[in-house]
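Welcome! Please take a moment to look over the sequence and the 3D structure shown here, and then we can walk through them together.

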Amino acid sequence: MVSDRHELVGARGKRTSPLTFYRQVVAELRKVVWPTRPQVVNYFFVVLTFVLIMMAVISGLDYGFGQLMFWIFG
């Protein structure tokens, strides 16, 4: 029995030329809705805040488990 992947490869056997591929990439990029500068700044601060919070949580857990191990094993 032939898998679905082999059927698709057989149906699309031709490869596109690099020029056609480049044109398709440019056409797709023109469809993208790019974020505005204020949106990028907002996303930056959201990600920065999240990363700082996660660093604090992981650092706290690391310190706590380290102290626990010193307490248990001396």
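Is Glu28 buried, partly exposed or exposed? Glu28 has a relative accessible area of 46%, so it counts as partly exposed; here buried means under 20% relative accessible area, exposed over 50%, and partly exposed in between, with a 1.4 Å probe and protein chains only.

Before going further, a word on the source. This is a predicted model, in which local features need pLDDT of at least 70 and side-chain atom pairs count only at pLDDT 80 or more, while totals for chains, interfaces and linings use all residues. Residues are numbered from 1 along each chain as its sequence is written, and side-chain values use heavy atoms, leaving out hydrogens and water.

How confident is the predictor? With pLDDT as its confidence in each residue, from 0 to 100, the chain has a mean of 89, and 84% of its residues reach 70 or more. Helix 1 (residues 4-11) has the lowest confidence, at a mean of 54, and helix 3 the highest, at 97.

The chain has three helices and zero strands, taken as DSSP runs numbered from the N terminus (helices: H or I, at least four residues; strands: E, at least two). Helix 3 covers residues 37-73, and its 37 residues should span 54 Å at 1.5 Å a residue; the end C-alpha atoms are 53 Å apart, which agrees. That expected span is 1.5 Å times one less than the number of residues. Just after helix 3 comes Gly74, with a positive phi of about 85°.

Back to Glu28, whose side chain meets that of Lys31 in a salt bridge, at 3.1 Å from N to O. The term asks for a side-chain nitrogen of Lys or Arg within 4 Å of a carboxyl oxygen of Asp or Glu, and the count comes to one. Both residues lie in helix 2 (residues 18-31), three residues apart, about one turn of the helix.

The count of aromatic pairs is also one. Phe44 and Phe45 form this edge-to-face pair, with 5.1 Å from centre to centre and 70° between the planes. Rings of Phe, Tyr and Trp (its six-membered ring) pair if their centres lie within 6.5 Å; planes under 30 degrees apart are stacked, over 60 edge-to-face, and the rest tilted.

Here is the accessibility of three of these partners:

| Residue | Relative accessibility | Class |
|---|---|---|
| Lys31 | 59% | exposed |
| Phe44 | 49% | partly exposed |
| Phe45 | 45% | partly exposed |

Across the 74 residues of the chain, buried residues make up 0%.

Technical notes:
pLDDT is the predictor's confidence in each residue, from 0 to 100.
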